[in-house]
Amino acid sequence: MINYVEEHRQFNLMTTKTQLSINILPTNQLVLSYFGEKIGDVALGYVTKEIKRASYLANADNIPEFKLEQYPLLYPAYGNPDLRNPAFQLSHLDGSRISDFRYVSHNIQKGKPALPGLPATFATNQVETLELILRDEVKGLEQVLSISCFEKKDVFTQSVRLINQGQDPIKIEKVMSLNLDFLTDRFDLLTLSGAWGREMGLERRPLHQGFQGIDSKRGASGHGQNPFLALADPETTEDAGAVYGMNLVYSGNFIGSVDVDMHQNCRMQLGINPFEFDWELAPEASFTTPEAVFLFTAQGFNDMSQRLHHFYTECLITPSFAKRERPILINNWEATYFDFDQPILLNLAKEAADLGVELFVLDDGWFGNRQREDSSLGDWFPNQQKLGGPLPELIQAINDLGLAFGLWVEPEMVSPKSHLFTEHPDWIVQVPKRTPQQVRNQYVLDLSRTEVQTYLIDCLDRLLTENNIAYIKWDMNRNITDSGTKNLPPNRQKEFGHRYILGLYHVLETITKRHPTVLFESCAGGGGRFDPGMLYYTPQIWTSDDTDAIERLKIQKGTSLIYPPAAMSGHVSASPNHQVGRQTSLITRGIVAKQGNFGYELNLLDCTTVEKEIIKDQISQYKKYRSVYQFGEQTRLTVFDEANEMAWMKVLGDQVIVSYLAVLAKPNTVPKRLKLKGLAPQATYQLLESEASYRGAELMNIGLDLPRPSADFYGKEWILVKKD
Ligand code: GLA
């Protein structure tokens, strides 16, 4: 899987379908001579030797025509004649700011070491890791590039470690997790961009000369940009064409960039945002970057998505939950908001239980004196008056109805009106002498501090130990302003952002390990922290606060580019929708919410008898095919009119579910057919609704008959079973 060919000074990292080759130059710099489809164990030194050099570039090491700026470098430094964007930047006590790391040695090991204090993918089988060790002799620094090769998953990961073996402390000012240099700029850039309520909008644009990319300065990965970038050939479609994708296993400030240089080459990077970041590295200390996941496929976006879905399910999400069927839930947020008491909750729970729901989630408003958004975050003790008695009694009553119980918390926050803030006003993120900003009437707790972490661990531990809680919704409803911490001296304040995230990871790691049977769902005002870092701790994530089915089509399509269906939660909410006021049928809402983890978030007591019958059917149908909905291999299908329709299919074993939605009815159209993908061409598939049978080849080349668009047409699901 990983080999080193001494004769060519070349490393080959090969997965089943792809290959990454690295060469050591005679000067001991490392170049990425190839990344793409597997081509085999061939000497690739010519790739860099045959580059026709452009003018006006400096020679490296004073070697004539050794123009480092034209090489596809593996992890470029600042301080040599490559004057493009460096992958890292250091500053030294003597004021010097340049680096010169050269290859010293390497090792190849089976499996993949964990990263200290950070979430990371783990090896199942057939994984090897190459550690490339480089040194800056002048400063006594060691750099370790750790690249893991997941053979069967066709995925690579990389993390970088910097070790200070010198006498003086150094400052790290930038340290990317991954750098990929390409000898072309003929690509489109794909990102997942948006805002609160409209996360994960897929954007695609051609590269142009200069700097382009995405970032977050919000203290979280954010609603605005997902820590994901892809470069694709301009011709690439869902089903064919080259794609290079990268995703960061991190939940804080990040940057993802593509720099197109003067010679139509490009450099792609992903890592912690150097904005408001630096890190003091004392002698003998080391710093490890978060991990970047990256891959190449020649088979288009569906293939990239499917690979990442399999990879995250098997190598990132907590194994005990990764393939465990997730419960159908009712969440009381959009049903009641803060306005509930014990009878309201129990009536809702009873109705839900009668319809077949399995888990009751009590959202915001159950603790302290929280009647509105303006108080009590931090006071994580139950409001017995509102709950009609102690929390265990309410839980018991809900359990007696046959439902498991789940609870909402927002541990990272504190309200100014709270006991916690009165006792520890100095625990919030703030800058001395400045008035800290409130967002949604709340401050952020300084999770970089050990005492705050310990308090949260104790608090959550108690809640989970004393109560029969099966599920926790871990929310985070504001971003970080007033960035800084009391814990660090003035010259190290820029460490705060990363230390906050490390503190958060420590709390999550401790709590999830102590309570391994609790299902955690994270949320940050919807998808404000929907990233692989959070997914490592919380097997599912609330996709968006926008529950409108039509808006969700775009949001869930973008999410499905990277994250598996079981990571993505969708709820049927009321119509007209509370966020956008749109009216949609219950059937449409059901089809959309069933794309991932299914639930309801509306007042079931307001539903008509007919609606309740539909809900009952949706639930029993979802239960029957739950594993296909949650763990089936998902493929986005091609529709006739992309602006108005969306379709996808899921396949697990012999079962196939095809889902189709049309947004608006159009006059004077004729029905079209929907072609399926990825089936066995010669196998027979039986359509459950009509018992008609088709060959896989027919379904893929002719397709299913779509219903005629009309005012009362909402969408459709087909279930097919493979017969032979
Ligand atoms: C956030 C969440 C919602 C809900 C509210 C409660 O906005 O995304 O689902 O839990 O907080 O305040």
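What follows describes the overall fold, the ligand site and a few individual residues.

This is a predicted model, in which local features need pLDDT of at least 70 and side-chain atom pairs count only at pLDDT 80 or more, whereas totals for chains, interfaces and linings use all residues. Residues are numbered from 1 along each chain as its sequence is written, and side-chain values use heavy atoms, with hydrogens and water left out.

**Overall fold**

The protein contains 16 helices and 38 strands, where helices (H or I, at least four residues) and strands (E, at least two) are DSSP runs numbered from the N terminus. Its C-alpha trace spans about 85 × 70 × 45 Å along the principal axes. The radius of gyration is 27 Å, which agrees with the value near 27 Å for a compact globule of 724 residues; this radius is taken over C-alpha atoms, and the globule rule is 2.2 Å times the number of residues to the power 0.38. Of the 724 residues, 62% count as buried, a term that means under 20% relative accessible area, with exposed meaning over 50% and partly exposed in between (1.4 Å probe, protein chains only). Among contacts (heavy atoms within 4.5 Å) between residues at least 6 apart in sequence, 68% join residues at least 24 apart.

**The ligand site**

Around the ligand there are 13 residues, of which Asp363, Asp364, Arg440, Lys473 and Asp545 come nearest; a residue is near a molecule if one of its heavy atoms lies within 4 Å of it. This shell divides into four nonpolar, three polar and six charged residues, with Ala, Val, Leu, Ile, Met, Phe, Trp, Tyr, Cys and Pro counted as nonpolar, Asp, Glu, Lys and Arg as charged, and the others, Gly among them, as polar.

| Residue | Distance to a ligand oxygen atom |
|---|---|
| Asp545 | 2.4 Å |
| Lys473 | 2.7 Å |
| Asn477 | 3.0 Å |

The protein covers 96% of the 300 Å² of accessible area that the ligand has on its own, with areas taken from the Shrake-Rupley method with a 1.4 Å probe (for residues, only the protein chains shown count as cover).

**Individual residues**

Threonine 559 lies in helix α12 (residues 549–560) and is buried, because its relative accessible area is 0%. Leaving aside residues up to four places away in sequence, threonine 559 touches Met200, Phe530, Thr543 and Met568. Methionine 200, which belongs to strand β12 (residues 198–206), has a positive phi near 60 degrees although it is not a glycine, and it counts as buried at 4% relative accessibility.

Another positive phi, of about 55 degrees, is found at aspartate 482, which sits in the loop between β26 (471–474) and α10 (496–514) and counts as buried at 16% relative accessibility. In the loop between β29 (568–573) and α13 (586–593) lies proline 576, and the peptide bond to proline 576 from serine 575 is cis, with omega near 0 degrees.

Glutamate 633, in strand β31 (residues 633–636), is partly exposed at a relative accessible area of 31%. The side chains of glutamate 633 and histidine 310 are joined by a polar contact of 2.6 Å, a polar contact being a pair of N or O atoms within 3.5 Å; within protein, one must be able to donate a hydrogen and the other to accept it, and residues adjacent in sequence count only if both atoms are side-chain atoms.
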